[in-house]
Amino acid sequence: MTTLALAPAVGRVPRRSRPVREWLAGTLFVVPATMLLLAIILAPLLCLLILSLTDYEIGAMQIRWLGLGNFEKALSDPVFRRAMGNTLLYVALVLPGGVILGLLVALLVHGRTRSRAFYEVAYFLPVTATLIAMAAVWQFLLHPKLGPVNGLLKAAGFPEMAFISEPSLLIPTLAVIGLWNLIGFNMILFLAGLTAIPRDLYDAAEIDGAGGPIDRFLTVTWPQLAPTTMFVAVTTSITAFKVFDTVAVLTRGRDGSEVLLYAIYLEGFQYFKIGYSAALTVIFLAFMLAFSVFQAFQLDRRVHY
Amino acid sequence: MEHSLELAQISKAFGKTGVLSEIDLAVQPGEFLSLVGPSGCGKSTLLRIISGLERQDAGQVRIAGRTVDALSPRARNIAMVFQNYALYPHMSAAENIALPLMVDRLSLFERLPLIRHLSPRRKRIEAAISGEIGKVAEALQIEPLLARKPGQLSGGQRQRVALARAMVRQPSLFLMDEPLSNLDAQLRVHMRDELTDLHRRLGATFIYVTHDQIEAMTMSTRIAMLDGGRLAQIGSPADLYERPASLTVARFIGSPAINVLPARLDPQGHVILGTLPTGLVVPDGMAGPVSLGLRPEHIRLHAACDRAMPMATLRRSEHHGADRLLHLDLAEDRQTGLIVRIPQDETGQFQPGETYGIGFAPEKAHLFDASGLRMATRTVPARIGAAA
Amino acid sequence: MKAARFPLPTGRLLRFAGAHAVLLVGAAFMLLPFIWMLLTAIRAPDEILTGGLNPIPRSFHAVENFSAALQQAPLLRFMVNGVIICGGILIIQLIVAIPAAYALAKLRFPGRGLLFAAVIGGLCIPIQVPALPIYLALAEFGLLDSYFAMMVPFFLSVFAIFLFRQTFRGFPDEILQAARVDGLGEFEILWRIVVPSALPAIAAFSIFSIVAHWNDLYWPMIVIQRMDYAPPPLGMLFFANSETGASYGVLMAGATIITAPLVLVFLLARRRFVQGITMTGIK
């Protein structure tokens, strides 16, 4: 080793050669993280998988091995099926809305100079605000008698809408609140993507005659934003799939608003059917992994230059 | 004959900083005009104003006799090659080249995704376009690259695709914004050659922005040098080299740079270097400090000096192939370095550490006044070093 | 400077007006809940019950509503809890993640690839997945209803490790070599040289972590039954369900108090927030 050969010349002999030192330091540095990784992710994950195959309930005398019984039960359980359907409907509403509106707002805000700060604040404020508190505000806004939304509807000659009691309106209402909470976040991501587009390309488009707004968008902006859009779409899907807070405040999972996470919460932490809740969690995890795998696959095949 | 490009009194400021002031310029058809100058001199802004990407605060742009100030870049019938080529990364080379023609010949609806399939004439037009792409690609020898995306092309290949995209519209004016600056040294020399060749074949007008004076000198028919937002000089490469209008031009053009020696005018208008008359006279010149510019190849060193002449000590001698560059320090003023270019075969006479006398032919010297402007001179018999 | 763009000024004017019109309508939708919350928080109960659309309150009832909110629920206590929890989580996350990220980025040691793979895998696992087993373990040891219970699942942030690893990787190796030649130990190198250069990433992650845990409801809802330990969102849930006497004025005053800290921090440090989001990009 060069270090060893040179060391006597400078009058200092290192106690250990570099690879060993590095080896030790590296191992030492990752010990806390590795232990926590085992304790709060890997071990619980293993437990979860095992529990999902049992009928464990808190307070039960004995545990029975069910195999895939919990999953079979879930598939035929009308509550779970409604929760799954509602969650997917919620994602189906929030995903396109969140991406398209986030992009639209970003495109419009990007062109502003003096008013940009104001719009950034206005659209981003819901992201920072505690959603639980704001959900309570929404509840009041949508109140059939006292809320200004129904007040406006009535003033415009429409009938009163029971946004948070009519079952068929629950998911759309939750989706609007979800969008309200999410658009600013997506806007910021799109703005970052827009800023990264080289100005040269717009100049070239202008010289080539593609300088109109639609041409600019189709020739430069949209293709250049493709990776950002993919990323935003996946994060939006994941966020939407995890809808929980607004349900907990507004409806407590009552008829028409059952969603997956709330079902897991109820089964596991209210009814203490640990085994069944674990099985639902495994299904939830499968969706999360699917989104992530999709994203990793997409990230792999982007990049033009 | 109509000018290919005419600029009248173009001025531009960004906020309170003036970038260009009152630029006048006329370019003949078929010229290769380089816009040169140090960075920040406004040359790129001027090019963007010609292209229509930027709008001037005052003045007029005329292209082929037509005032284009109200026209969009597209309507000006120009093409531009960018420093980073600005190729659309998601399109193949062929699609990149086709884009200007597509925009020209198809309506917006015929270019929209999905909807475009409804147009009956689209196929026919696209076929015609791909024929034209083929011709341009052949001229630039990039046919094998047409299906590739910019990411799969080397710097030189991207450069050619960008040129093809410019050529395909057959514009009356080519604008180029430092197109060679991202290439490595060897490729740059090669592309210089290709660009000059292309210019000759197309017979079109080129406006070429560069900060590299060698590019400007080797390629252009004329050079316009900008300095601090003003047009410092316009002329052929030889004009700028042999009769620089100002000290800035003299220093910018030529490599190694011109030697500038402090001198003064005596009340009779004689140029005095140190204490010695130089043989240069400025008719009705005012007494005061002036600058004397000497190109490295115009200085002669004398080993045995029989009469008074400025002395300089040889510090270092550099091999530059056919030539040798000698770095000297002036004896009375060690601050002023001096570079002399001599043919390789004269090297043996000069040794580092030795002191030599400096001589030059007065008609080769350039004289600038205190504000840096060129002064007219004539020569009189009393000359430094000339009698030797 | 933004370049003046063609075509003609009228077209530009029209586009300018159109953009502002759309943006203003959107901004009104985004801000409406905040505005109505503030307006209701200073309204008298009888005025709220008539359900009018009048934006300007007829009488100023703020003092009554806010003091009632603070009396009915320990809102300040929730805030203090929030600060304790977010602070505790963040400090431990940084202490654990920074050395691990440095080791993954710059040091060779056995098991590095495996650990990194586990970190990447961990990125796809939200808290809801290990929640059940961790809950059971905490219950087993009698640790429910404590600050520790609320913090423990978040002590390890695989996201922090990932983000810091990416940042540290960009750090020039020559500087590390030079420091080693100068006789610095790995820990000193990390602490004195690498960490100061990564402060923007650390700040971005801190913002991300604080916002996430200040607003988190799911986990506190599971492990906390006693109000003394409730963080702001859970406190808000208790508060919204408790007998506020159908007084929406008081409820809105409470919501204002709960949302104020993060909103104020955001307004004061908008640039940092935006940077944090763009750097982390994960919610």
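1. A residue is called buried when its relative accessible area is under 20%, exposed when over 50%, and partly exposed in between (1.4 Å probe, protein chains only). Glu54(B) has a relative accessible area of 5% and is therefore buried. Its partner in a salt bridge is Arg48(B), with the closest N and O atoms 3.1 Å apart; a salt bridge here is a side-chain nitrogen of Lys or Arg within 4 Å of a carboxyl oxygen of Asp or Glu. Arg48(B) is likewise buried, because its relative accessible area is 13%.

2. On the basis of this note: the model is predicted, local features need pLDDT of at least 70, side-chain atom pairs count only at pLDDT 80 or more, and totals for chains, interfaces and linings use all residues. Residues are numbered from 1 along each chain as its sequence is written, chains are lettered from A and ligands numbered from 1 in the order in which they are written, and side-chain values use heavy atoms, with hydrogens and water left out.

3. The contact of chain B with chain A. Contact, meaning heavy atoms within 4.5 Å, involves 28 residues of chain B and 20 residues of chain A. The two chains bury about 2,100 Å² between them, and carbon and sulfur atoms account for 64% of it. Buried area is the accessible area (1.4 Å probe) that two parts lose on being put together, summed over both. Within chain B, the residues that lose the most area to chain A are Tyr88(B), Pro89(B) and His90(B), which together make up 25% of what that side buries.

4. Three salt bridges are counted between chain B and chain A. Arg48(B), already paired with Glu54(B), also forms a salt bridge with Asp203(A), the closest N and O atoms being 2.7 Å apart. The elements giving two or more residues to the side of chain B that touches chain A include α1 (43-51), α2 (93-105) and α5 (155-167) of chain B; helices (H or I, at least four residues) and strands (E, at least two) are DSSP runs, numbered from the N terminus. By class, that side of chain B has 18 nonpolar, four polar and six charged residues. Ala, Val, Leu, Ile, Met, Phe, Trp, Tyr, Cys and Pro count as nonpolar, Asp, Glu, Lys and Arg as charged, and the others, Gly among them, as polar.

5. The contact of chain C with chain A. Here 91 residues of chain C meet 101 residues of chain A. The area buried between chain C and chain A is about 8,500 Å², with 76% given by carbon and sulfur atoms. Between these chains there are 10 residue pairs in polar contact (both at pLDDT 80 or more). On the side of chain C that touches chain A, helix α1 (residues 9-41) of chain C gives the most, with 17 residues. That side divides into 69 nonpolar, 12 polar and 10 charged residues.

6. Salt bridges between chains C and A. The count is three. In one of them, Glu22(A) pairs with Arg108(C), the closest N and O atoms being 3.2 Å apart. Arg270(C) and Glu120(A) meet at 2.7 Å, N to O. Arg270(C) lies in helix α15 (residues 270-280) of chain C and Glu120(A) in helix α5 (residues 116-128) of chain A, so this pair joins two chains. Both residues of the pair are buried.

7. A linked set of charges. Glu186(C) forms a salt bridge with Arg21(A), the closest N and O atoms being 3.4 Å apart. Because Glu186(C) lies in helix α10 (residues 186-197) of chain C and Arg21(A) in helix α2 (residues 18-51) of chain A, this pair too joins two chains. Glu186(C) is buried at a relative accessible area of 6%, whereas Arg21(A), at 29%, is partly exposed. Arg21(A), Arg180(C) and Glu186(C) are linked in a network of salt bridges. Over all chains, the structure holds 32 salt bridges.

8. Cysteines. A search of the whole structure finds zero disulfides over all chains, a disulfide being a pair of cysteine sulfur atoms within 2.5 Å. Cys41(B) is buried at 2% relative accessibility, and Cys86(C) is buried at 7%.

Conventions. A polar contact is a pair of N or O atoms within 3.5 Å; within protein, one must be able to donate a hydrogen and the other to accept it, and residues adjacent in sequence count only if both atoms are side-chain atoms.
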